[in-house]
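Subject: Structure handover, aromatic rings

Hello,

Please keep it open while you read.

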Amino acid sequence: MHFDVVIVGGGHGGAAQAAQLRQKGSTGSLAIITAEPLLPYERPPLSKEYLAGEKSFERMLLRPPAFWAERNVEVMTGTRVTAVDAEAHNLETTAGAISYGQLVWAAGGDPRKLSCPGHDLPGLHAIRTRADVDALKADLRPKSRVLVVGGGYIGLESAAVIRKLGHSVIVIEAMDRVLARVAGPELSAFYEAEHRAHGVEIVTGAGLASLAAAGDAKLATLTDGRQIVADVVIVGIGIVPAVQPLLAAGATGGNGVWVDDHCRTSLQDVFAIGDCALHANAFAGGAEIRLESVQNAADMAATVARAITGDPAPYHAVPWFWSNQYDLRLQTMGLSIGHDQTVLRGDPATRSFSLIYLKAGKVIALDCVNAARDYVQGKALVEQGVVVSVEALADTATLLKTWHPA
């Protein structure tokens with residue numbers, strides 16, 4: 001088989017890539033290769049509405065099945081790429097050899113696994129695919145005791161849903177606060193308090209030392225010596241970028257695959273986008289990072305589509321993220337990496353407020369909790385690195401758009 005463009009990965013990035021190419025006039029043969037036996041679908045609802053039983057899988061499809069046929073996009077489900085020969089422009093896959101003109105790697109990542117004794121026990125759950133969540137839901141019995149390992153977005157979102165379903169939940173986080181990798185201490189403290197108010201036990205500063213079978217349950221021993229018996233264990237400690245075939249083919253990378261500002265890898269005619277793409281980001285002070293977000297996947301797909309169709313423009317997009325927990329909607333604009341000052345706008349007691357992060361006086365990011373207007377109006381401040389006084393930012397009587405650049 002040969003395709004002019006092959007896209008590896010059936011998530012947001014892969015689906016957006018195919019759609020963008022057709023939208024920008026690409027008429028060549030086009031294929032999406034996905035390891036899952038499913039058409040491309042949304043991932044964020046997996047730890048939220050789908051886990052809660054509030055959203056059917058059919059409503060999670062990124063496009064209706066007819067969309068792909070109408071645009072002559074071959075979606076090869078249940079197919080995994082095992083090797084890349086960049087010089088020959090050839091892929092080895094579980095469905096046989098496939099040659100390509102240009103390759104877009106949008107394979108995302110695989111859930112990071114535990115490394116402690118007991119890491120290989122059966123019944124440990126991740127939340128990355130529909131099959132993961134279906135298996136988790138099947139293991140939940142009435143009033144299960146659930147241990148969540150990891151206090152990031154996935155861990156806290158799943159904890160919120162499972163608690164609402166009537167199960168007991170303990171979240172353990174090895175760092176000294178939840179959300180430590182993505183938010184400031186004030187937001188961490190707010191979410192810890194919210195979860196505790198809903199009956200979730202939060203344990204910080206303690207990792208998982210070991211797991212052992214305890215009848216039908218599991219006995220977790222923490223690094224502080226504490227022991228917890230759980231019927232269900234969810235592991236949410238990040239992802240490992242799924243880039244090994246590219247690295248084996250000689251691509252530059254490590255924690256992801258390196259790409260330039262047009263999302264090209266160091267291999268000829270090979271691009272990479274989304275969670276697995278290691279790139280210099282202007283909103284991280286030029287540091288090379290990976291961004292695990294729908295926004296990044298979609299905007300990188302647009303960048304690659306322009307490059308392939310002869311209208312190149314460098315990737316430059318303000319990062320944004322969101323998280324739903326209980327009745328709280330957290331919306332983040334920008335990256336708070338390296339901030340040296342935080343401004344509280346509003347009162348957390350009202351459950352509607354924003355935290356604004358500054359660096360050298362410039363607005364670099366906002367965390368907005370049930371404060372959509374701040375989130376929308378804050379984008380221009382982040383994009384332009386606007387300097388606004390702390391007193392002005394804290395004044396909720398004045399809209400953030402007041403300080404938009406002319």
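**Aromatic pairs**

The model has five aromatic pairs, where the rings of Phe, Tyr and Trp (its six-membered ring) pair if their centres lie within 6.5 Å; planes under 30 degrees apart count as stacked, over 60 as edge-to-face and the rest as tilted. Tyr41 and Phe57 are edge-to-face, because their ring centres are 5.1 Å apart and their planes stand at 65°. Tyr41 is in the loop between strand 2 (30–33) and helix 2 (49–52), and Phe57 is in the loop between helix 2 and helix 3 (65–70), so this pair ties together parts 16 residues apart in sequence. Helices (H or I, at least four residues) and strands (E, at least two) are DSSP runs, numbered from the N terminus.

Tyr41 is buried at 1% relative accessibility, and Phe57 is buried at 7%. Buried means under 20% relative accessible area, exposed over 50%, and partly exposed in between (1.4 Å probe, protein chains only).

Trp320 and Trp322 form a tilted pair, with 6.1 Å from centre to centre and 35° between the planes. Trp320 is partly exposed at 29%, as is Trp322 at 26%.

Phe190, Tyr191 and Phe353 make up one aromatic cluster.

**Charges over rings**

The charged end of Arg43 sits over the ring of Tyr41, 4.0 Å from its centre; this requires NZ of Lys or CZ of Arg within 6 Å of the ring centre and within 35 degrees of the ring normal. Arg130 lies over the face of Phe57, 4.1 Å from the ring centre.

**Notes on the model**

This is a predicted model: local features need pLDDT of at least 70, side-chain atom pairs count only at pLDDT 80 or more, and totals for chains, interfaces and linings use all residues. Residues are numbered from 1 along each chain as its sequence is written, and side-chain values use heavy atoms, with hydrogens and water left out.

Regards
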